[in-house]
Amino acid sequence: MAQSDRDKPLYMISVAAELTGMHPQTLRVYESKGLVNPKRSGGNTRLYSRADIERLELINQLTDEGINLAGVVRILDMKERAEKREQENEQLRSRVRELEDQLHELKMQKKITALVPRGGSADPEQVLKGLLGGSI
C-alpha cells in the first residue's frame with residue numbers, strides 16, 4: 001500500500017473504534033494526549049487513516065503489555081525516528097549506487113580515450129583490440 005493511501009483520512013471515530021477494539025472515548029483521550037492526530041472533515045468530524053488505525057493498534061498492543069502512556073509516547077517517538085533514519089539511509093544507498101555507476105562510466109571513458117591515438121580517430125577494431133588485450 002502506498003504511503004499516500006495509508007495517510008488518506010477514511011474512517012469516522014465509530015469505525016476506527018470498531019477496527020481497533022477501543023472505545024471512542026479512548027480515541028478522544030489519545031488524540032488529546034497527542035498519541036494520534038486524525039484529520040478533520042469540513043464538518044469537524046474526526047477522520048482516521050489506515051496509518052492512524054495501525055498506530056492505534058500498536059498503542060493498544062503496548063498498553064496491553066503493561067506499558068504506560070508515557071512509555072508509549074517514547075516508543076512511538078523512537079519508532080518514527082528509526083523509520084526516518086531508515087528512509088534517509090535508503091536515499092543515501094541509492095545515491096551511492098548512482099555515484100558508483102557514474103564513476104564506472106567515467107573510468108570506461110578514460111580507458112577508451114587513452115586508446116584513441118592523438119590527433120585523429122581510431123579504428124574501432126583497434127580500440128577493441130586494445131580493450132581486450134589484442135585478442136580479436
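The crossing of helices α2 and α4 is right-handed, a term used when the near helix is turned clockwise from the far one by less than a right angle, anticlockwise being left-handed. The model is predicted, so local features are reported only at pLDDT of at least 70 and side-chain atom pairs only at pLDDT 80 or more, while totals for chains, interfaces and linings use all residues. Residues are numbered from 1 along each chain as its sequence is written, and side-chain values use heavy atoms, without hydrogens and water.

Helices are DSSP runs of H or I with at least four residues, strands are runs of E with at least two, and both are numbered from the N terminus. Two packed helices are described by the angle between their axes and the distance between the axes. Here an axis is a line fitted to C-alpha atoms, for helices over the stretch in contact, and angles between N-to-C directions run from 0 to 180 degrees.

Helix α2 covers residues 13-20, and its axis comes within 10 Å of that of α4, crossing at roughly 45°. The two helices are therefore oblique to each other; angles under 35 degrees count as roughly parallel, over 145 as roughly antiparallel, 65 to 115 as roughly perpendicular and the rest as oblique. On the α2 side, Ala16, Leu19 and Thr20 make the contact, and on the α4 side Ile53, Leu56, Glu57 and Asn60, where contact means heavy atoms within 4.5 Å. These residues divide into 4 nonpolar, 2 polar and 1 charged. Nonpolar covers Ala, Val, Leu, Ile, Met, Phe, Trp, Tyr, Cys and Pro, charged covers Asp, Glu, Lys and Arg, and polar covers the others, Gly among them.

Helix α2 also packs against α3 (residues 24-32), at an angle of about 100° and with the axes 9 Å apart. That makes α2 roughly perpendicular to α3. Ile13, Ala16, Ala17 and Thr20 of α2 meet Pro24, Leu27 and Arg28 of α3, a set of 5 nonpolar, 1 polar and 1 charged residues.

A further feature lies in the loop between β2 (39-40) and β3 (46-48), where Asn44 is found. Most residues other than glycine have a negative phi. The phi of Asn44, however, is positive, near 70°.
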